[in-house]
Amino acid sequence: MWQTLLKKFEKYPAQAKVLKLIFERGFQVNEEGKVTSGSIEIAHTQLAKEAGVDRRVVDATTKTIISDELLSTIFKNVHSIPFLRDVAPSLGLGVIIIIPEDASHVGILAEVAGLISRHNVSIRQAVSDDPYFTDNPRLTIITDHKVPGDLVDNILSLPSVKGVSIY
């Protein structure tokens with residue numbers, strides 16, 4: 001899917017950077033070409049600064065998005081979520097970060113979730129990096145409490161898992 005989106009910007013690498021930033025942050029683009037998070041508008045100058053491009057590149061990117069049916073549908077409906085990884089310890093929650101052998105392998109989440117449930121640990125959140133967006137994708141699982149060491153050993157024994165970090 002990501003390649004389909006990027007293909008629309010193959011002649012405009014600066015716009016592709018803006019597209020990726022908007023998508024990664026879960027920002028929407030409304031009918032007027034404004035970038036929003038819910039009803040909050042995000043200044044094009046701020047997006048340009050973050051992407052390392054001129055504001056006019058952001059303007060051109062949003063014009064392309066609203067004029068293309070597929071892009072418009074995607075960017076009117078994408079949403080961001082609160083990612084608990086960095087605040088989980090403060091909330092008394094556990095964090096498991098899985099480094100996969102191959103992030104495109106089918107069933108990694110199912111295998112890990114099965115092990116977690118067999119240890120009577122509840123999953124509060126699971127966020128998987130998309131291998132098309134990230135060079136080193138990870139699966140981050142937030143649990144209702146810190147995980148026991150034997151669970152980590154069990155996860156490490158899975159053939160699809162290269163490494164595990166917990167905190």
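Student: Among contacts in the protein chain between residues at least 6 apart in sequence, what percentage join residues at least 24 apart?

Tutor: The figure is 64%, where a contact means heavy atoms within 4.5 Å. The model is a predicted one: local features need pLDDT of at least 70 and side-chain atom pairs count only at pLDDT 80 or more, while totals for chains, interfaces and linings use all residues. Residues are numbered from 1 along each chain as its sequence is written, and side-chain values use heavy atoms, with hydrogens and water left out.

Student: How many helices and strands does the protein chain have, and what makes a run count as one?

Tutor: There are 7 helices and 7 strands. Both are DSSP runs numbered from the N terminus, a helix (H or I) having at least four residues and a strand (E) at least two. From the N terminus on, their order is α-α-β-β-β-α-α-α-β-α-β-β-α-β. Taken along the principal axes, the C-alpha atoms fill a box of roughly 55 × 30 × 25 Å.

Student: Which residues of helix H6 (residues 108-118) are buried, and what covers them?

Tutor: They are Ile-108, Val-112, Gly-114, Leu-115 and Ile-116. Their cover includes strand E4 (94-100), strand E5 (123-128), strand E6 (139-143), H7 and E7. In the protein chain, buried residues make up 40% of the 167 residues.

Student: What places H2 and H3 (44-51) in their angle class?

Tutor: Their axes come within 10 Å and cross at roughly 105 degrees. Axes are lines fitted to C-alpha atoms, for helices over the stretch in contact, and angles run from 0 to 180 degrees between N-to-C directions. Under 35 degrees is roughly parallel, over 145 roughly antiparallel, 65 to 115 roughly perpendicular and the rest oblique. H2 is therefore roughly perpendicular to H3. Lys-17, Val-18, Leu-21 and Arg-25 of H2 make the contact with Leu-47, Glu-50 and Ala-51 of H3. These residues divide into 4 nonpolar, no polar and 3 charged. Here Ala, Val, Leu, Ile, Met, Phe, Trp, Tyr, Cys and Pro count as nonpolar, Asp, Glu, Lys and Arg as charged, and the others, Gly among them, as polar.

Student: How are H3 and H4 (55-67) classed by angle, and which residues meet?

Tutor: H3 and H4 pack at about 110 degrees, with axes 8 Å apart. They are therefore roughly perpendicular to each other. His-44, Thr-45, Leu-47 and Ala-48 in H3 meet Arg-55, Val-58, Asp-59 and Thr-62 in H4. This contact has 3 nonpolar, 3 polar and 2 charged residues.

Note on methods:
Buried < 20%, exposed > 50% of the residue type's maximum accessible area, 1.4 Å probe, protein only.
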